[in-house]
Amino acid sequence: MRFLKHVLAALSLGFVALVAGAAPANPQNGVDYRTLDKPQQTDSGKKVEVTEFFWYSCPHCFALDPELEAWVKKQGDKINFRRVPVAFRDSMVPQQKMFYALEAMGKGEELHRKIFNTIHAQRQPLDSESQIVDFLTKQGVDKQKFLETYNSFTVQTKAQRAKQLQNAYNIDGVPLLAVEGRYMTSPSIVSASMGNVPESALAQGTFQVMDWLVAKAAKEMKGEAAPAKGK
């Protein structure tokens, strides 16, 4: 029995080493990340802008979210982080407008994870305006104020801007992370070099690439050379 435990432990360590070795330590353009042909303007000043394109009903966005929040917190003042909800079809617009309405009401961060959990952990869809209003009312959000904000010109404008950004960045799937309006990566992108590994390992690889891209963008903003071994 003791021998078997040693064998299992060795196999486990071997697997961990294999996954760690597969992580993209030296990210390559076109493999671990993409570069936009037409860089997008950013307005984060001296900080590196990081944008997450996501959809609340996406299970991969749900899985990535806790680790993304931890990564953003770790970056501190080095980055300016924002989220952009996508809408590949009209049925996704209600969630997009919900995001911007809650953001305008100052309740976005408070309810962000609850929305994810309701959809994925509790299996309650939030696809329509009525479902969204019913859910938010139960969370203590003023129904009338929410509807006024949800249908406001400001929220409509932000939803239209999100659509423009989605097209400008050529978003074809989520989650996707953009750095300084130029570089993009995601778990699905890094999977090309990491192979068939657990989703948690893909997330780890993604943030390793993100660390490298943030450093690259910061140096480029200062007119310095990019990190070594990258392209």
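Modeller: Four elements each give at least two residues to the lining of the largest pocket: β3 (79–85), α3 (93–104), α4 (108–120) and α7 (153–168). Helices here are DSSP runs of H or I with at least four residues, strands are runs of E with at least two, and both are numbered from the N terminus. The model is predicted, so local features need pLDDT of at least 70, side-chain atom pairs count only at pLDDT 80 or more, and totals for chains, interfaces and linings use all residues. Residues are numbered from 1 along each chain as its sequence is written, and side-chain values use heavy atoms, with hydrogens and water left out.

Now the pocket itself. A pocket is found on a 1 Å grid over the protein atoms alone: an open set of points where a 1.4 Å probe fits, with protein on both sides within 12 Å along at least five of seven lines. Lining residues have an atom within 4 Å of a point. The largest pocket holds about 330 Å³ of space. That volume is the space filled by probe spheres set on the points, which are joined across faces, edges and corners.

Its lining has 18 residues. Nearest the centre lie Arg 82, Arg 83, Phe 99, Tyr 100 and Glu 103. Helix α3 gives the most, with five residues. By type, the lining divides into 10 nonpolar, two polar and six charged. Nonpolar covers Ala, Val, Leu, Ile, Met, Phe, Trp, Tyr, Cys and Pro; charged covers Asp, Glu, Lys and Arg; the others, Gly among them, are polar.

Gln 96 is buried, at a relative accessible area of 3%. Buried means under 20%, with a 1.4 Å probe and protein chains only. Beyond its neighbours within four places in sequence, Gln 96 is in contact (heavy atoms within 4.5 Å) with Pro 85, Val 86, Ala 87, Ala 159, Ala 162 and Lys 163.

Step back to the chain. It has nine helices and five strands. Of its 231 residues, 43% count as buried. Among contacts between residues at least 6 apart in sequence, 75% join residues at least 24 apart.

There is also a second largest pocket, with about 230 Å³ of space. The elements giving two or more residues to its lining are α2 (59–75), α8 (187–194) and α9 (199–221).

Conventions:
Buried < 20%, exposed > 50% of the residue type's maximum accessible area, 1.4 Å probe, protein only.
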